[in-house]
Amino acid sequence: MIDNPLSAIDPSSLTIWQALEKAALGAQSRTLSGYFEQDSQRHNNFTFSAAGLNVDLSRHHIDEKLLAQLLHLATDCGITEAIAALNTGQTINFTEARPALHCQQRLPLDSEAIPPEVAASRAKIRTICEAVHGGLWRGFGGEAITDVVNIGIGGSDLGPRMAAQALSAFHNPAVTVHFVANVDPVDLQQVLAHLNPATTLFVVASKSWTTLETLSNASAAKQWISNAAGNNEATAKHFIAVSSRPDACKNFGINPDNILPMQDGVGGRYSLWSAVGLSVALATSAEHFEQLLAGANAMDNHFFGCTADNTAGSDMQHNVPLLLALLEIWYVNFWGARSVAVLPYNHDLRLFPDHLQQLTMESNGKGISRDGTAVSYQTCPVVWGSAGTIGQHSFHQLLHQGTQLIPVDFILPLNSHTGEQAQHNHLISNCLAQSQALMDGLSASSIEQSLVTDGLDSELAKQLAAHKSIPGNRPSTIISMHTVTPATVGALLALYEHKVFCQSIVWNINAFDQWGVELGKLISNDIYPAVMGHENTLANTATAASVRAFRKVLND
Ligand code: F6P
């Protein structure tokens with residue numbers, strides 16, 4: 001039997017689950033505005049703060065009693081023990097027999113608990129940044145590096161790419177950082193087309209060092225450097241590797257001095273905080289990277305501090321990641337929501353939903369419980385989104401008048417780095433307006449009335465009003481912060497990491513493995529030779545037929 005340190009409790013078998021099913025029936029007949037009418041202090045009572053973030057949950061179908069029931073569910077599912085197990089490095093990723101060590105990566109350097117390999121990695125990141133930003137890291141022609149290309153995919157791309165974009169106001173003028181992930185050669189070629197090989201440094205990030213996309217792009221990049229330098233030795237100056245398999249990096253031809261090891265216990269989608277974050281430090285500075293880690297660590301202190309048995313910290317009712325987790329479980333498991341939208345009202349945070357898709361759906365996109373049986377309830381919803389106000393002119397139509405319940409997270413930095421605060425304030429007013437329109441909607445009767453007042457024929461007004469009416473009563477969260485800084489970006493990301501963890505505990509699944517991604521890769525390895533023109537002995541008749549057809553198109 002796989003050793004699993006966490007209890008495997010089927011949440012749907014719990015009495016509190018049945019009670020929540022009943023409570024949902026009642027709650028579905030109530031209005032959000034009704035909660036505000038009943039509680040003049042609702043905004044204050046349902047706004048929580050942690051690590052520089054303010055999280056307004058007042059526009060949700062909850063009151064104190066419902067929240068207590070949801071917290072009861074979490075307690076009955078063993079949330080306190082699970083949070084302690086995460087915090088103490090137990091092998092909670094039991095199907096891979098690993099702990100989940102992402103929080104350790106962001107411990108303060110002066111913390112007694114920081115593992116020496118983590119401190120060493122942070123020191124190496126600082127050394128590399130000083131060399132590159134200081135113009136001391138020279139290419140094969142003796143020129144200083146001007147461009148860095150991070151080659152990686154999934155967790156070795158989405159997190160760093162998101163953070164580097166989010167921190168554009170802190171970019172270091174000495175270098176420009178680019179990201180390449182796709183196996184489509186267009187991705188690499190489009191980046192290299194604007195770069196000079198003599199002044200380009202590659203950071204190849206791959207925890208497993210087995211990922212096809214990354215190794216293909218890294219090989220092409222090596223060839224690009226060798227061609228330009230006229231020898232292979234030059235690559236030693238132009239490549240850094242980040243991986244949990246340093247030996248494989250060496251065999252690939254990476255200079256051993258330029259290899260930054262990762263710990264096995266750090267999952268790809270949780271690896272921004274490790275040496276995988278090197279590209280973020282190079283895009284900004286080692287100091288800004290430390291601030292990013294500190295912001296996440298502040299959220300860890302809140303999360304680990306807010307547990308039932310913590311006398312020092314406050315209690316579970318103020319544990320913000322847990323509250324966000326339970327609210328989504330409320331809508332997914334008791335209201336039938338199947339997707340959630342995350343809408344950052346900030347251009348620099350536009351890649352945040354992309355990163356969250358991997359973080360949430362690769363973590364909780366599972367149907368097998370911790371004891372190996374199939375779950376009988378919904379788990380992870382589809383997570384999607386894009387930057388506000390862009391979505392307002394596209395999918396917000398569905399959010400307001402569609403038939404699905406889609407809880408929305410608005411992410412709202414209040415202050416702008418641009419100095420154009422007046423224009424920026426349109427983001428704030430539009431974000432609040434969208435949240436209000438979701439909450440209040442607009443009734444057909446009020447529309448009909450105003451159409452008639454405007455002189456429209458009453459029958460026509462009635463018909464038109466039906467189409468213009470907006471149901472409302474749709475929930476949303478507003479996560480605001482003063483400004484986008486390394487610390488608030490770190491805190492925001494850690495907030496969602498812990499939210500995802502709490503959901504995995506209630507849904508009784510393992511958030512830290514991703515076995516489901518392997519089958520497609522294996523099948524592709526079988527298909528590739530046939531696509532390349534080798535004998536097509538593929539067993540799957542559909543695939544075999546497609547390959548024959550595609551080969552014909554390619555050869556004609
Ligand atoms: O295929 C999924 C995955 O394994 C992700 O979990 C991971 O973040 C990504 O591929 C990249 O993996 P690596 O960093 O090992 O190249």
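Q: What is the order of the strands in the open sheet of 5 strands, and is the pairing parallel or antiparallel?
A: As a general idea, strands of a sheet pair through backbone hydrogen bonds, in either the parallel or the antiparallel sense. This model is a predicted one. In its open sheet of 5 strands the order is S4-S3-S5-S6-S7, and the pairing is parallel. Strand S4 (176-180) and strand S7 (259-261) each have a single partner strand, so one side of each has no neighbour in the sheet. On average, neighbouring strands of this sheet are turned by 20° against each other, direction ignored.

Q: Over how many bridges do S5 and S6 pair?
A: Strand S5 (residues 200-205) and strand S6 (residues 239-243) pair over 4 bridges, in the parallel sense. Within this pair, Val-203 stands opposite Ile-240 in S6. Helix H9 (residues 212-229) packs on the sheet and touches strand S3 (147-151), S4, S5 and S6. The direction of H9 makes about 160° with that of S5.

Q: How many residues of S3 are buried, and which ones lie on each side?
A: In a regular strand the side chains alternate between the two faces of the sheet. In S3, 5 of its 5 residues are buried. Asp-147, Val-149 and Ile-151 lie on one side, Val-148 and Asn-150 on the other, and both faces are covered. S3 pairs with S4 in the parallel sense over 5 bridges. The bridge partner of Asp-147 in S4 is Thr-176.

Q: Is His-178 buried or exposed?
A: The cut-off for buried is under 20% relative accessible area. His-178 has a relative accessible area of 19%, so His-178 is buried. This residue lies in strand S4. Not counting residues up to four places away in sequence, His-178 touches Asp-147, Val-148, Val-149, Asn-150, Val-191 and Leu-195.

Q: What is the strand order in the open sheet of 6 strands?
A: The order there is S1-S2-S11-S10-S8-S9, with mixed pairing. Strand S1 (47-50) and strand S9 (382-384) are the edge strands, and each pairs on one side only. From one strand to the next, the twist averages 20°. Strand S8 (residues 339-344) and strand S10 (residues 408-413) run parallel and are joined by 4 bridges. Leu-343 stands opposite Phe-410 in S10.

Q: Which strands does H13 lie across, and at about what angle to S1 does it run?
A: Helix H13 (residues 320-334) lies across S1, strand S2 (53-56), S8 and S11. H13 runs at about 135° to S1. Another helix, H14, lies across S8, S9 and S10, and runs at about 165° to S9.

Q: At roughly what angle do the axes of H14 and H19 cross?
A: Two packed helices are described by the angle between their axes and the distance between the axes. The axes of helix H14 (residues 352-364) and helix H19 (residues 486-506) come within 10 Å and cross at roughly 20°. Angles under 35 degrees count as roughly parallel, and H14 and H19 are therefore roughly parallel to each other. Their crossing is right-handed. Residues that meet here include Phe-352, Leu-356 and Leu-359 in H14, and Leu-492, Tyr-496 and Val-500 in H19. By class, this contact has 7 nonpolar, 6 polar and 1 charged residues.

Q: At roughly what angle do the axes of H5 and H19 cross?
A: The axes of helix H5 (residues 79-87) and H19 cross at roughly 130° and come within 10 Å. H5 and H19 are therefore oblique to each other. H5 passes H19 in a right-handed crossing. Ile-79, Ala-82, Ile-83 and Leu-86 of H5 make the contact with His-498, Phe-501, Cys-502 and Ile-505 of H19. By class, the contact of H5 with H19 has 7 nonpolar, 1 polar and no charged residues.

Q: Where is Pro-475?
A: Pro-475 is in the loop between helix H18 (458-468) and strand S11 (476-481). Pro-475 counts as buried, at 0% relative accessibility. Pro-475 and Tyr-331 are 144 residues apart in sequence, but their C-alpha atoms are 9.4 Å apart in space. Beyond its neighbours within four places in sequence, Pro-475 is in contact with several residues, among them Leu-32, Arg-59, Tyr-331 and Val-408.

Definitions and conventions:
Residues are numbered from 1 along each chain as its sequence is written. This is a predicted model: local features need pLDDT of at least 70, side-chain atom pairs count only at pLDDT 80 or more; totals for chains, interfaces and linings use all residues. Side-chain values use heavy atoms; hydrogens and water are left out. Two strands pair if DSSP finds at least two bridges between them. Helices (H or I, at least four residues) and strands (E, at least two) are DSSP runs, numbered from the N terminus. Axes are lines fitted to C-alpha atoms, for helices over the stretch in contact, and angles run from 0 to 180 degrees between N-to-C directions. Contact means heavy atoms within 4.5 Å. Buried means under 20% relative accessible area, exposed over 50%, partly exposed in between (1.4 Å probe, protein chains only). Angles under 35 degrees count as roughly parallel, over 145 as roughly antiparallel, 65 to 115 as roughly perpendicular and the rest as oblique. A crossing is left-handed if the near helix is turned anticlockwise from the far one by less than a right angle, and right-handed if clockwise. Ala, Val, Leu, Ile, Met, Phe, Trp, Tyr, Cys and Pro count as nonpolar, Asp, Glu, Lys and Arg as charged, and the others, Gly among them, as polar.
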